[in-house]
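Look at the sequence and the model first.

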Amino acid sequence: MAKVREKHICGMDVLQWTPPQRVTGGRPGPFSQFMALMIAWILVGASYLNAQQPTPTEYEVKAAYLYNFGKFVGWPAKVTAASELFSICVLGEDPFGSTFDATIAGESINGKKVVVKRIAKPQDAVSCRILFISSSEESRLKEILATLDNTSVLTVSDISQFTRRGGMIRFVMEANRVRFEVNLTTAEHAGLTLSSQLLKVAISVRRSSQAGD
């Protein structure tokens, strides 16, 4: 597996969706380590699905981020003990498709089997570890986040101003690359612990007392 990862990572600087490395020389920094893990995972998974399409799409990269967020975020003990599954949920129209399910098949995080769930109501998200809120749900975003206010669900979206409106992680496009920003205060309010490695990879880390600050 190490050889496969090395082979794919060496070619990543030519791919559209690869963030540039922030360090040169010496030991790899947190940014390059995180991206090596994330990109290796999506490329190795995608290679089994379609050998003729080695370059991941925007939403394949976002799906890989969602999976790897689970490795860099800590949940309260009562949450981790509540289920044998690690659920990544999609609320609203699904932009990922079946590739998401196929790529994470057989994967686990901290001994929990990873599953993808599509849900229609925010009330169904309380058992999710990670919730991706589709852009189709923007008109009711305030209602969705209010429903999850007393839960420990990591909320992620690419909706405009998501982290300013009470969300935790927002995907953004920077120089045609998928990046993300973080509202650390909102995540901590939910009892989540985001690793320093994850925060160093984010293009911005927001600390606000409430949505709109």
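**Aromatic pairs**

The structure holds ten aromatic pairs; rings of Phe, Tyr and Trp (its six-membered ring) pair if their centres lie within 6.5 Å. This is a predicted model: local features need pLDDT of at least 70, side-chain atom pairs count only at pLDDT 80 or more, and totals for chains, interfaces and linings use all residues. Residues are numbered from 1 along each chain as its sequence is written, and side-chain values use heavy atoms, without hydrogens and water.

Q: Is the pair of Y65 and F171 stacked, edge-to-face or tilted?
A: Planes under 30 degrees apart count as stacked, over 60 as edge-to-face and the rest as tilted. The ring centres of Y65 and F171 are 5.7 Å apart. Their planes are at 45 degrees, so the pair is tilted.

Q: How many residues apart are Y65 and F171?
A: Y65 lies in helix α3 (residues 58-72). F171 lies in strand β7 (residues 169-174). Helices (H or I, at least four residues) and strands (E, at least two) are DSSP runs, numbered from the N terminus. The pair links distant parts of the chain, 106 residues apart.

Q: Is the pair of F69 and F171 stacked or tilted?
A: The ring centres of F69 and F171 are 6.1 Å apart. Their planes are at 20 degrees, so the pair is stacked.

Q: Is F69 buried or exposed?
A: Buried means under 20% relative accessible area, exposed over 50%, partly exposed in between (1.4 Å probe, protein chains only). F69 has 0% relative accessibility, so F69 counts as buried.
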